[in-house]
Amino acid sequence: MKYVLKTSAPQRHSFDLTRELNPQQIAVVEAPPRELLVLAGAGTGKTRTLTYRVARLVAAGCNPERILLCTFTNRAAREMVARVEALLGIDMRRCSAGTFHHIGNRVLRRHGQAIGLSPDFGILDPEDARTLLGSVIAELGIEALSARRFPTPKVLANLISLATGTRQPLEKVVEQHNLKLLDQAGMMAQVARRFAERKRQMNVCDFDDLLSEWLRLLEDPTLRHVGDELRAAYDHVLVDEYQDINAAQGALCDAMAVGHQSLTCVGDDAQSIYSFRGADFTQIAAFRARHPQADLYKLTINYRSSPQILALANRSIAHNRSQYPKELQAVKPAGAVPAVIPLRDVFQQAEFIAQRVLELHHEYDTPLARMAVLYRNHSHSLELQVELTRRQIPFSVRSGLRFFEQAHIKDVCAYLRARQNPQDALSWVRLLRLWPGIGAQTAEQLATLLAAPLSQSTGGSSAQRLAEQAARARGRARDALTRLAELWAILEDPALQSPGDMIRRVVERHYGEYADRNFPNAAARKDDLEQLAGYAARYPAASEFLGELALVQGISAENVLGAEEPDDKLVLSTIHQAKGLEWPICFVLWLAEGRFPMATAMRQPADIEEERRLFYVAVTRAGDELYLSYPVIEETRDGPSHMLRPSKFLLELDTLPAVFDRWQIEEAPADPAPVG
């Protein structure tokens with residue numbers, strides 16, 4: 001017996017858009033189903049607008065299951081779907097809403113057999129994928145052939161992922177992102193091919209496969225029947241954060257909309273800042289070239305920032321040539337004019353921010369959590385973190401450790417600790433394990449020997465002891481210990497006293513290469529280490545630098561252990577991590593040429609424009625007050641200090657009518673100590 005379940009379109013619901021949305025948002029919500037590009041500026045309510053468009057489509061009779069809603073987090077998808085349910089009073093569980101990977105997983109469960117995947121295929125998390133990649137490297141014998149130069153599974157996995165997302169050959173990605181490994185690109189491509197074969201043999205996918213195999217179902221001519229079935233399942237495709245998608249995700253959006261042509265893409269080209277992880281600016285910039293019949297809508301009514309902050313932001317982003325021009329308009333009343341503050345050096349910059357934060361906190365009763373300090377690179381917060389710790393101002397670093405707690409900082413400092421105190425066995429173990437061919441057990445044995453007092457050993461310097469152990473070692477350990485002994489001889493040279501120079505020698509002779517092999521973001525970590533070297537160079541000896549470091553970490557520990565950790569904390573964040581967030585008061589650090597924009601971005605106009613978009617994102621995080629600072633003098637590794645030029649992003653703003661006030665800093669004498 002067959003029982004027919006009758007389905008029907010949901011009842012049409014009406015709701016009053018004028019109470020919830022402004023005219024620009026209503027125009028997007030009520031636009032007919034076709035190709036739309038919605039340029040939603042910072043703080044203009046793009047998520048609300050996209051949510052109401054979904055609700056409008058459903059209210060007009062579309063079954064929720066025929067809507068494909070692509071977001072960048074599953075949480076965002078859940079919140080949007082829940083809001084639609086609240087608006088319409090219907091069950092939206094059948095709506096295909098979620099991240100591209102979430103949707104790709106569902107697609108491959110249903111259609112993966114067409115490409116040899118069974119419905120019960122497994123998904124490798126990043127750690128499992130790196131483990132399998134390591135197994136492939138060992139199987140092919142590449143580790144033995146090129147032990148010192150071949151990248152670790154973590155670095156190689158990142159490069160393979162970039163190649164998949166950008167739809168480029170692996171060799172091209174290596175050339176763009178890690179040129180030092182270009183001579184290994186051929187072997188890396190061989191590993192990638194074998195890695196793909198192993199995944200199919202094991203009936204597993206990694207996260208990138210969820211997109212690439214979904215795209216294959218849509219683009220492979222031999223699978224046309226599957227692609228047609230996939231596209232026929234949906235009447236509308238909607239995409240959030242469109243400026244952040246990569247080439248593979250862009251191709252998926254276009255391919256899924258073929259036939260019904262109802263494609264709504266919402267994003268802001270002025271906030272496209274993630275090219276380093278594969279985001280493709282051309283997806284939004286060239287949208288109308290791919291979709292010439294598309295309608296263009298703009299959301300420019302800003303609910304976040306004051307008119308003064310928006311005037312500065314609008315003037316800045318207007319210098320970008322590759323963009324859809326738009327000017328944000330403020331709803332808020334007039335507020336404080338943004339301030340540009342030149343400071344003598346990085347220490348005075350840190351002092352200014354700490355003092356101003358305390359003033360705003362105590363005198364104006366502003367919670368610390370309603371203030372944020374933003375910077376281009378994590379290393380730019382080094383001196384500030386020290387100053388905040390000294391003043392016992394609680395702070396949190398978004399999605400990251402405090403500067404001195406990061407692995408690469410502790411790794412390099414271990415060299416200085418062992419050089420300063422050869423009996424520090426823990427530091428010896430840490431640095432020894434960084435060298436190829438030296439495992440945990442060998443590191444422990446060598447550390448015990450190296451940390452033994454002279455009277456308990458054969459004597460000699462640490463460099464001599466390392467050379468003796470190198471002579472006894474075999475294989476890769478022999479080469480590693482020989483190189484370490486040579487490096488240690490340099491560190492033990494009495495002429496080398498500056499802790500900054502010691503750090504640079506460690507990076508030049510070992511850790512720079514180690515970072516290239518082990519970290520996908522090696523360039524950023526080496527920049528951190530150069531900042532650390534510059535900071536350490538201000539101390540005459542390693543003992544003083546390490547002592548100061550221990551005190552800073554000790555004060556931090558006391559703050560946490562002495563009482564419950566405070567809920568109210570100043571926020572420290574890179575600008576990349578701050579995107580999508582907002583605070584009433586924001587400070588932006590290190591607006592000096594060569595730092596922001598970075599020196600490496602000065603070569604190509606496209607890179608400068610992305611740096612300017614990053615500056616735009618920073619200033620539009622602020623609601624009420626904005627402080628832009630830079631040091632005027634920088635001490636250099638090669639001799640006397642030199643003057644820093646203000647960032648081009650500040651110089652571009654310095655025209656009439658003025659959009660900022662320039663503050664002049666005066667140093668007041670310290671209060672005299674009480675007598676008696």
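**Reading the model**

Colleague: Is aspartate 365 buried or exposed?

Modeller: The test is the relative accessible area: buried means under 20%, exposed over 50%, and partly exposed in between, using a 1.4 Å probe and protein chains only. For aspartate 365 the value is 66%, so this residue is exposed.

Colleague: Before we go on, what pLDDT do local features need here?

Modeller: Residues are numbered from 1 along each chain as its sequence is written, and side-chain values use heavy atoms, with hydrogens and water left out. This is a predicted model, so totals for chains, interfaces and linings use all residues, side-chain atom pairs count only at pLDDT 80 or more, and local features need a pLDDT of at least 70.

Colleague: Which residue does a cis peptide bond join to phenylalanine 596?

Modeller: The residue sits in the loop between β15 (583-588) and α27 (605-619). Omega of this cis bond is about 10°, and the partner of phenylalanine 596 is proline 597.

Colleague: A cis peptide bond also joins leucine 656 and proline 657; what is its omega?

Modeller: Proline 657 is found in the loop between α28 (648-651) and β19 (661-662). The omega of its cis bond with leucine 656 is about -5°.

Colleague: Why do the buried residues of helix α11 line one face?

Modeller: Helix α11 spans residues 224-232, and its buried residues are Val226, Gly227, Leu230 and Arg231. The arc, taken from the directions from the helix axis to the C-beta atoms, shows that they line one face, because seen down the axis they fall within 130°.

Colleague: Which residues are exposed on the other side of α11?

Modeller: The buried residues of α11 are covered by elements including α4 (100-111), α10 (207-219) and α12 (247-256), where contact means heavy atoms within 4.5 Å. On the other side, the exposed residues are Arg224 and His225.

Colleague: How many residues of strand β14 are buried?

Modeller: In a regular strand the side chains alternate between the two faces of the sheet. In β14, Leu570, Leu572 and Thr574 point one way and Val571 and Ser573 the other, and all are buried. The strand covers residues 570-574 and is mostly covered, with the buried count being five of five.

Colleague: How many bridges join β13 to β14?

Modeller: Two strands pair if DSSP finds at least two bridges between them. Strand β12 (residues 371-375) runs parallel to β14 and is joined to it by four bridges, with alanine 372 opposite valine 571. Valine 397 has leucine 572 in β14 as its bridge partner. Strand β13 (residues 395-397) also runs parallel to β14, and the number of bridges between them is three.

Colleague: How many aromatic pairs does the model have?

Modeller: Rings of Phe, Tyr and Trp (its six-membered ring) pair if their centres lie within 6.5 Å; planes under 30 degrees apart count as stacked, over 60 as edge-to-face and the rest as tilted. By this rule the count of aromatic pairs is 20.

Colleague: Phenylalanine 352 and tyrosine 627 form one of these pairs; how many residues apart are they?

Modeller: Their rings are edge-to-face, 6.4 Å centre to centre with 65° between the planes. Phenylalanine 352 is buried at 13% relative accessible area, and tyrosine 627 is buried at 4%. The pair links distant parts of the chain, helix α16 (residues 346-362) and strand β16 (residues 622-631), and the residues apart number 275.

Methods:
Helix = DSSP H or I, 4+ residues; strand = E, 2+ residues; numbered from the N terminus.
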